[in-house]
Amino acid sequence: MELTYTDKTPRKIQSFKGSDRKRGQEGDIDDLLTSSDVEHVAEIFNTPLTGSYNWNYKIQDDRIKKLYELGKELNWNAELDINWDQPWPEENIEQGAQLMNLADYPPYMALSDEQKQEFYVHQNAWSLSQFLHGEQGALLVASQLTACAPTYNAKLYAASQTFDEARHVEAFNKYIQQRIGLMYPINTSLKSILDKILTDSRWDLKFIGMQIIIEGLALSAFNTARETTPDPVLKELLYLVTRDEARHVTFGVNYLEEFVKTLSEEEKNDRAEFAYEACVVARERLVATDVFHHFGWDVEEARQRVMEGFVMSTFRNLLFQRVIPNLKRIGLMTESVRPKFESLGILEFEELPDDGDVDWSAMERPLDTGEAQSVEQQALQEQIEKVLNEKMAAAAADSEAAATA
Ligand SMILES: [Fe+2]
Ligand SMILES: [Fe+2]
């Protein structure tokens with residue numbers, strides 16, 4: 001085993017041979033690394049973790065217990081429950097450019113068709129890599145929560161979530177290496193949120209950061225990705241992961257709703273402030289700037305442009321539709337942060353349903369990736385067509401106006 005410790009997060013893009021995307025273009029995957037070839041790179045973080053035993057082992061027959069039971073029942077196996085043998089899909093690069101608001105962006109227009117294809121591969125690799133790194137963060141936090149959570153049910157739940165997160169890391173890693181063959185480093189803003197959660201001494205702040213912010217974020221990002229990817233393998237994977245995440249968020253909301261009531265006003269404001277700051281970062285900074293950099297673009301200019309596109313606005317909408325009602329439900333939409341959320345223009349989501357009331361029938365739905373996809377796929381296809389039609393109508397009106405002028 002070769003082990004290297006670093007205090008700097010690696011910034012290099014990694015590539016893997018023999019991916020499905022390049023099948024036939026380069027050697028097969030039989031040159032997989034053996035354990036002696038792997039160089040393990042570990043980045044240290046220190047945390048003043050305050051753990052607790054629980055000695056009465058009281059089993060409260062509540063929602064947390066039910067969620068734990070459900071987690072056991074709905075366990076899945078990435079090797080068996082996903083059909084990895086489906087062909088790599090044709091990509092519609094014109095549609096991609098429209099959805100990302102790049103179709104009339106000069107640096108994008110200057111790319112050849114082949115380079116445009118490559119751009120989407122990088123874009124895709126970047127998103128999936130953030131999912132992977134985020135899942136690793138979730139794995140580490142969930143394991144900390146197992147030690148820190150003060151009650152018996154919550155400890156068992158956090159342990160089962162730890163295993164869920166391990167499977168998520170496994171599945172996204174397999175997808176990236178086997179399917180795309182390209183992995184991006186972690187986005188620096190995502191890393192700063194994870195650092196904060198992992199190294200803070202307050203267990204409930206970890207809980208809020210992970211179960212409400214990061215998982216809320218993940219659910220929105222996974223839903224957007226599932227709706228926009230042309231790859232059936234990714235759809236299956238995201239369906240399975242999303243169902244777990246929905247359970248994790250529900251656990252967080254239910255547990256925190258009780259707990260936040262025990263905090264002082266000052267403590268509540270601290271947590272609310274942290275949640276607000278994480279939301280701002282999530283809203284503005286989780287954009288594939290490393291990809292723009294790789295293609296030699298003006299990073300800030302490209303970021304601004306992509307922020308206004310369909311993909312990012314859908315993501316932002318989904319994100320806050322979930323996080324804002326949940327923050328309110330657990331009592332963290334305090335008077336001190338409320339005006340800040342208002343000035344972001346997202347307080348309107350406050351009255352939407354939160355994840356505290358459990359839709360058990362949706363959560364208990366058996367594994368049936370095919371059915372779940374067709375409904376969502378259709379809804380999205382309609383949405384995409386609507387956007388594209390609007391763009392085409394606007395372009396037609398423009399050229400008509402130019403002709404009559
Ligand atoms: Fe996860
Ligand atoms: Fe999770």
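**Note on the predicted model**

1. Asn56 counts as exposed because it has 7 C-beta neighbours inside 10 Å; the scale used here calls a residue buried if 20 or more other C-beta atoms, placed from the backbone, lie within 10 Å of its own, exposed if 12 or fewer, and partly exposed in between. Asn56 belongs to the loop between strand 3 (39-43) and helix 1 (63-73), where helices (H or I, at least four residues) and strands (E, at least two) are DSSP runs numbered from the N terminus. From C-alpha to C-alpha, Asn56 lies 8.0 Å from Tyr152, although the two are 96 residues apart in sequence.

2. This is a predicted model, in which local features need pLDDT of at least 70 and side-chain atom pairs count only at pLDDT 80 or more, while totals for chains, interfaces and linings use all residues. Residues are numbered from 1 along each chain as its sequence is written, and chains are lettered from A and ligands numbered from 1 in the order in which they are written.

3. The average pLDDT (the predictor's confidence in each residue, from 0 to 100) is 85 for the protein, and 88% of the residues score at least 70. Over residues 27-33 the pLDDT stays under 50, and the model has seven contacts for them beyond four places in sequence, a contact being a pair of residues whose C-beta atoms, placed from the backbone, lie within 7 Å. Residues 368-377 also have a pLDDT below 50, and that stretch has seven contacts in the model beyond near neighbours in sequence.

4. The protein has 16 helices and four strands, and 36% of its 405 residues are buried. Of the contacts between residues at least 6 apart in sequence, 84% join residues at least 24 apart.

5. Helix 8 (residues 203-228) and helix 13 (residues 310-329) have axes that come within 9 Å and cross at roughly 145 degrees; axes are lines fitted to C-alpha atoms, for helices over the stretch in contact, and angles run from 0 to 180 degrees between N-to-C directions. Their crossing is right-handed, a term for a near helix turned clockwise from the far one by less than a right angle, with anticlockwise giving left-handed. Among the residues that make this contact are Leu217 and Ser220 of helix 8 and Phe315 and Leu319 of helix 13. The contact comprises 11 nonpolar, seven polar and one charged residue, where Ala, Val, Leu, Ile, Met, Phe, Trp, Tyr, Cys and Pro count as nonpolar, Asp, Glu, Lys and Arg as charged, and the others, Gly among them, as polar.

6. Helix 8 also packs with helix 9 (residues 232-260), at an angle of about 150 degrees and with the axes 9 Å apart. The two are therefore roughly antiparallel, given that angles under 35 degrees count as roughly parallel, over 145 as roughly antiparallel, 65 to 115 as roughly perpendicular and the rest as oblique. The crossing of helix 8 and helix 9 is left-handed, and the residues of their contact divide into 15 nonpolar, six polar and five charged.

7. Ala282, in helix 10 (residues 265-285), is buried, with 23 other C-beta atoms within 10 Å. Beyond its neighbours within four places in sequence, Ala282 is in contact with Leu217 and Leu319.

8. Tyr57 is exposed, with 8 C-beta neighbours inside 10 Å, whereas Asn101 is buried, with 20.

Terms used
Two residues are in contact if their C-beta atoms, placed from the backbone, lie within 7 Å.
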